[in-house]
Amino acid sequence: MKIVVLAGGLSTERDVSFATGSMVCKALRENGHQVILLDVFMGYSDKPEDLDGIFDRAEEVSIQVGKITAQAPDLAAVKASRKDQSDCFFGPNVIELCRMADIVFLGLHGENGENGKVQAAFDLFGIKYTGTDYFSSALAMNKEVAKTLFRANGIPTPRGISMSRKTRIDEFARLGIPLPCVVKPCSGGSSIGVSIIRTEEEYIRALDEAFLCEEEVLVEEYIEGRELSVCVIEGKALPIIEIAPLEGFYDYKNKYQAGSAVETCPAVLPLDITQKIQHYAEEVVKALRLSTYSRMDFLLNDNNEIYCLEANTLPGMTPTSLIPQEAAAVGVSFGELCERILQISFEKYQTR
Ligand SMILES: Nc1ncnc2c1ncn2[C@@H]1O[C@H](COP(=O)(O)OP(=O)(O)O)[C@@H](O)[C@H]1O
Ligand SMILES: [Mg+2]
């Protein structure tokens, strides 16, 4: 197949997305596809007049990718470096190349990629893409909306309240949430802007930091416990993975710097807890109307109480990311996983 793997963009997870994109691109090429790796924001403008037969030159026109650094990228610098300085999110020739592909593999993470906007635009442009649709993406992206749907469907989630800049509550006592608690951007990802606060004094700074990222912020009760994640493919949960950071919580550095966390898959858990978490993950998929593949994050406390934090609709896809490890636990290689995601996403369009 002719495939565009889309990565980059303007989200705080831009660099992570390049890691996903380049690994997926490599795997799909090994599977025999013609694959162009494209930065959705920068586009392709070297030879704009000559798009004919471009998939035959797929490797040559693809972007080259570096390593993920310990800090989130400087997005203002990225914006300033685009040649055409257009205010269009899609870079030069991105829509044209995606329309020429049989399907687009979405390697994007975070805002504009994971929030459903790219999916909605692609629906209108007649471009096929991997992963869930625009509506379920938008529902899952907003943690407050997702938690409301979790509660309505009997899926336990930490107590929390959300606020906008206008409804911001500076007085900690008014929240009715005990310390410690967690302050996080409502739609963020990769733990950017997330703070765990243990004293009232830390609250305002944490709130300011989260509002730097976004217009809506969530304050949640802190759940002391084990960090677990589980992927659901086509409605069925894979084995659970446990993530134990060596230091602190599962923040940006611990997520992407090798050796920062011990990851165990399948997680060592009593069978009934495993089944319960897998069941909740499958229920999240129904509650948020997710399709194809997604990954749900959970916490499990010492009393074996389970809490669902969120659903990730375009989770990391490098061979060392969580989903590929879960797939490996059932004997599915990274290349097979990429192929499966491609095929189930493609099939969605055949049954319409
Ligand atoms: N309520 C909470 N209690 C304890 N830790 C939390 C809580 N919410 C978030 N965290 C920590 O912050 C990390 C990121 O939070 P999450 O809600 O998954 O957002 P995202 O991964 O989208 O940034 C979690 O993996 C966990 O380590
Ligand atoms: Mg998470």
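**Loops, sheet, helices and ligand shell**

Trainee: Between which two elements is the loop in which Asn112 is found?

Mentor: This is a predicted model, in which local features need pLDDT of at least 70, side-chain atom pairs count only at pLDDT 80 or more, and totals for chains, interfaces and linings use all residues. Residues are numbered from 1 along each chain as its sequence is written, while chains are lettered from A and ligands numbered from 1 in the order in which they are written. Helices (H or I, at least four residues) and strands (E, at least two) are DSSP runs, numbered from the N terminus. Asn112, which has a positive phi of about 45° although it is not a glycine, is found in the loop between β3 and α5 (117-125).

Trainee: In what order do the three strands of the open sheet stand?

Mentor: Two strands pair if DSSP finds at least two bridges between them, and β1 (residues 2-7) pairs with β3 in the parallel sense over four bridges, with Ile3 standing opposite Ile103 in β3. The edge strands, each of which pairs on one side only, are β2 (34-39) and β3 (103-106). The pairing in this open sheet is parallel, and the order of its strands is β2-β1-β3.

Trainee: At what angle to β1 does α1 run where it lies across the strands?

Mentor: Axes are lines fitted to C-alpha atoms (for helices over the stretch in contact), and angles run from 0 to 180 degrees between N-to-C directions. Neighbouring strands of the sheet β2-β1-β3 are turned by 25° against each other on average, direction ignored. Helix α1 lies across β1, β2 and β3, and its angle to β1 is about 165°.

Trainee: How are α1 and α12 oriented to each other?

Mentor: Helix α1 (residues 14-30) and helix α12 (residues 334-350) pack with their axes 9 Å apart and at an angle of about 90°. Their contact, which counts residues whose C-beta atoms, placed from the backbone, lie within 7 Å, is made by Val24, Ala27, Leu28 and Glu30 of α1 and by Phe334, Gly335 and Cys338 of α12. Angles under 35 degrees count as roughly parallel, over 145 as roughly antiparallel, 65 to 115 as roughly perpendicular and the rest as oblique. The two helices, α1 and α12, are therefore roughly perpendicular.

Trainee: Where does Pro266 lie?

Mentor: The peptide bond from Cys265 to Pro266 is also a cis one, with omega near 0°. Pro266 is found in the loop between β11 (261-264) and α10 (271-287).

Trainee: Between which domains does ligand 1 lie, and why?

Mentor: A residue is near a molecule if its C-beta atom, placed from the backbone, lies within 6 Å of it, and 18 residues surround ligand 1, the closest being Gly189, Glu220, Ile223, Phe249 and Tyr250. The elements that give two or more residues to this shell are β5 (181-185), β12 (293-300) and β13 (306-312). The domain bounds come from an automatic or database domain assignment. Both of the following domains give residues to the shell, so ligand 1 lies between domain 2 (140-155 + 224-313) and domain 3 (160-221).

Trainee: How far apart are the C-alpha centres of domain 1 and domain 2?

Mentor: Domain 1 covers 2-130, and its contact with domain 2 takes eight residues from domain 1 and seven residues from domain 2. The C-alpha centres of the two domains are separated by 28 Å.

Conventions. Two residues are in contact if their C-beta atoms, placed from the backbone, lie within 7 Å.
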